[in-house]
Amino acid sequence: MFSNLIGQYKGLPKQVYVVLVARTIAAMGSFVFPVATMFLSSRLHFSDQVISYYLLALSLSYMVAAVVGGKLADRFNRKRVYCIVVIAADILLFTGGFLCNSIAIIPFMFMGTLFMNMANPIMAAMLTDVTTPETRQESMSLCYLGFNLGLAVGPLIAGFLFENHTAWIFWGQGIINFSALLIIIFGLKDVEITKEQLDAISSDESRKEEMASDESFMTELLKRPVIIIFAAIITIYAFSYSQISYMMALHLEDLFGIGLGSKYIGVIWSINGICVFAITPLAVYFFKRFDSLFNVAIAGLGYAIGFGLYAFTNNIICIWLLVIVWSAGEVMSSANAGVFIANNSPASHRARFQSIYDIVQGLGRASGPLLMGMFLTGHTIPQAWFLVGCLCLFASISFFILNIFNNKF
């Protein structure tokens, strides 16, 4: 069994392995985002409602970044654009470390995150360029696995740096991100879609949705209503997942105080990273024979159970154990959502179509803290977790129905 799990990741394009190493290292420097809520609360003394407004603005910028990044990547050399936006992000975050006790840090955090988010659809498009539908799920899931392996380390370090060495959260992320970028610069070749690749797509009836087009992005998107419906439903997943960084942080701070709470949230992110690392090969191996849309529907069940049961426990061990459940849902969603979009994207519009996923992620993240901040003014945190569980169940059922109609028509 173990050899089969490892074997499914052999023989992929060499470019995929370069991205894997770079993403793993970069994720090890994911210091700022996991502790952002606690930073704004305890260091800058923002109220819960103000924090939700900041996270709203940050998430809205995520959508703008996805659109801009996707547009630039489809128009110019993907690797060069990627390098420029990551360097800009690193400079901003590193500079922010000198201002970590002042409200002046806000624009540096904001712009640094914006540039980092511009890189996401660019990287996804580069991966799509060097893969085919037969190797796409393994390639994307492998890189996602590496990202979460790094994520098991980064937030844990950030949690312990937070109380006494806050500046190093920003400096550390800038330094580690730049180290990962060097691997991309020297290890990843410039990728261009060749005529041979376009001919291969044209001659394969099963890849008709990937045929290049001279039409505008909106024209091509409207030809694919299943993508629009998919994006609308998966926004609920993003909304729910955003509560880990927002509502979970507030929940732990309320239960255990800022000292233990900051450490416990770091542990949660680390457990999440370890779980994703362990579950991803199993999920890909056992579920790759199913439609990617069906697998995304299964993800909602993991989210519904994992998030919903937080309504019924204040025990930190139970809270940690439930991380395993919603992490399984995360794996099923993340390993299949990008594949579904890639398999339904024109080769000429890949980065912009990949940006759709980032846009809805941003929309979910934007609405999550804002709406939950409003909900919490009149309700308890357990009631809010129960609501999140119900929403995820609704989204899961919706995806099952969409998959049936997509296969039928």
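Y303 is buried in this predicted model, with a relative accessible area of 4%. Y237 also counts as buried, at 2% relative accessibility. Both values fall under the 20% cut-off, and therefore both residues are called buried.

The rings of Y237 and Y303 form a pair. Their centres are 5.2 Å apart and their planes stand at 75°, so the pair is edge-to-face. This pair links distant parts of the chain: Y237 belongs to helix α12 (residues 225-241), while Y303 lies in helix α14 (residues 292-308), 66 residues apart. Y237 and Y303 are also members of one aromatic cluster, which includes F230, Y241, F307, Y310, W326, F340, W385 and F399.

Across the whole structure, a search finds 20 aromatic pairs. One of them joins F94 and F98, again edge-to-face, with 5.9 Å from centre to centre and 70° between the planes. F98 is exposed, with a value of 56%. That figure is over 50%, which is why the word "exposed" applies to F98.

Next comes helix α3, which spans residues 36-43 and is mostly covered, with seven of its eight residues buried. The buried residues are A36, T37, M38, F39, L40, S41 and S42. What do they pack against? Their partners are four other helices: α4 (48-75), α6 (105-129), α9 (167-187) and α13 (247-287). After α3 comes H45, which has a positive phi, near 60°.

Terms used:
Residues are numbered from 1 along each chain as its sequence is written. This is a predicted model: local features need pLDDT of at least 70, side-chain atom pairs count only at pLDDT 80 or more; totals for chains, interfaces and linings use all residues. Side-chain values use heavy atoms; hydrogens and water are left out. Buried means under 20% relative accessible area, exposed over 50%, partly exposed in between (1.4 Å probe, protein chains only). Helices (H or I, at least four residues) and strands (E, at least two) are DSSP runs, numbered from the N terminus. Contact means heavy atoms within 4.5 Å. Rings of Phe, Tyr and Trp (its six-membered ring) pair if their centres lie within 6.5 Å; planes under 30 degrees apart count as stacked, over 60 as edge-to-face and the rest as tilted.
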